[in-house]
Amino acid sequence: MKFLLVCGLAGLLGLLGAGLIGIWPRPEFPDSDPVAKAWGVANAVAAVVLGVRLWDTIFEVLVYVVAMVGVRFFLLGMRWHGELPPVAETPLLRRSADLLLGPVLVFALYLVASGHIGPGGGFPAGAILGSALLLLALAKGVERLSAELYEPRLERLEYVVVVFLLFLGAVVLILGVRAPAAFVAANLLVAVEVAIGAWAVLHRFASARGEV
Amino acid sequence: MESLSGLSLAVVLAALGLWVMVSRRNLVWKLLGLGVASGGSILFLVALSHRPGVRPPILGLGPGPAADPLPQALVLTAIVIRFATLALALALVILLTEHRHTQDSRRLEEEE
């Protein structure tokens, strides 16, 4: 095992050295502006993620959903019997969560709405929405929040979002629609998807906590 | 040579993650090492797609060549998949701990 480790480390360092000496000439970057212009957006990364490689993104979201279903499935029977260890709740955390929640939500929506003309997009916005939910959960307690955010309904929404995303992919790829509105819609769907998945993971791990 | 620091840090992170994955016997530590190693590979791709003097791959952000958007798009995919697979692996570790009462990979192998 140690031999493998040393070999792997030496290989990595050798790769780094060979790259830095300049054995492989680094090619010029291709001009990405025509790609962005062809899809009618300003952000070339968005044009690649949601345009040229839309199949890739759709199947990535499918992999994400499958992994989240796996997490739910494996943790389904993992209810800690007895009293759950309490989550520390402080007034400072609750007040600051109240203050921060609005700006964080608005920022996530901004990233969704402007993801095609600037930095942003569905995946970061989804992560920010998920961390807003984490903030809420820290402030209010996971049990109270999961009673309010009824999970089976969210789960159904998750699958509906996937269906909508497939539909949108068909519209963009088969009918050849290239409009900024399609990008905003795709960003919104991806953000909802990622946020629900992150919340599901957080909630499942939190309700399966305790000594095993 | 330009983005030397980013590439070097990426390789150091990958090596650190690899070291933790091999040398630690606890499964959670192994998963942490996997996370660090994949973070290193992500940083490697991002550092390759950037050079000094290039602008972000967004139209209308000044003159000059734009950074390559393709590695950034790949990295976006990699980050999300990494999150999902790490969550799934941690769930499996919880399940394993519930059934076998250990997270030690060597003891798990010996008990086979």
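The model is predicted: local features need pLDDT of at least 70, side-chain atom pairs count only at pLDDT 80 or more, and totals for chains, interfaces and linings use all residues. Residues are numbered from 1 along each chain as its sequence is written, and chains are lettered from A in the order in which they are written.

**The core.** Select M68(A), V71(A), A108(A), L129(A), A191(A) and A195(A). These touch the most other members of the largest nonpolar core, which has 63 residues. (A nonpolar core is a set of buried Ala, Val, Leu, Ile, Met, Phe, Trp, Tyr and Cys residues joined through C-beta atoms within 7 Å; buried means 20 or more other C-beta atoms within 10 Å of a residue's own, with C-beta atoms placed from the backbone.) Now colour helix 9 of chain A, which gives the most to this core, with 15 residues. Helices are DSSP runs (H or I, at least four residues), numbered from the N terminus.

**One helix pair.** Show helix 5 and helix 6 of chain A. They pack at about 165°, with axes 9 Å apart. The two are therefore roughly antiparallel (over 145 degrees). Axes are lines fitted to C-alpha atoms over the stretch in contact, and angles run from 0 to 180 degrees between N-to-C directions.

**The interface.** Next, show both chains. Here 37 residues of chain B are in contact (C-beta atoms, placed from the backbone, within 7 Å) with 36 residues of chain A. Select helix 3 of chain B: it gives the most to the side of chain B that touches chain A, with 18 residues.

Conventions
Buried ≥ 20, exposed ≤ 12 C-beta atoms within 10 Å, placed from the backbone. Contact = placed C-beta atoms within 7 Å. Parallel < 35°, antiparallel > 145°, perpendicular 65-115°, else oblique.
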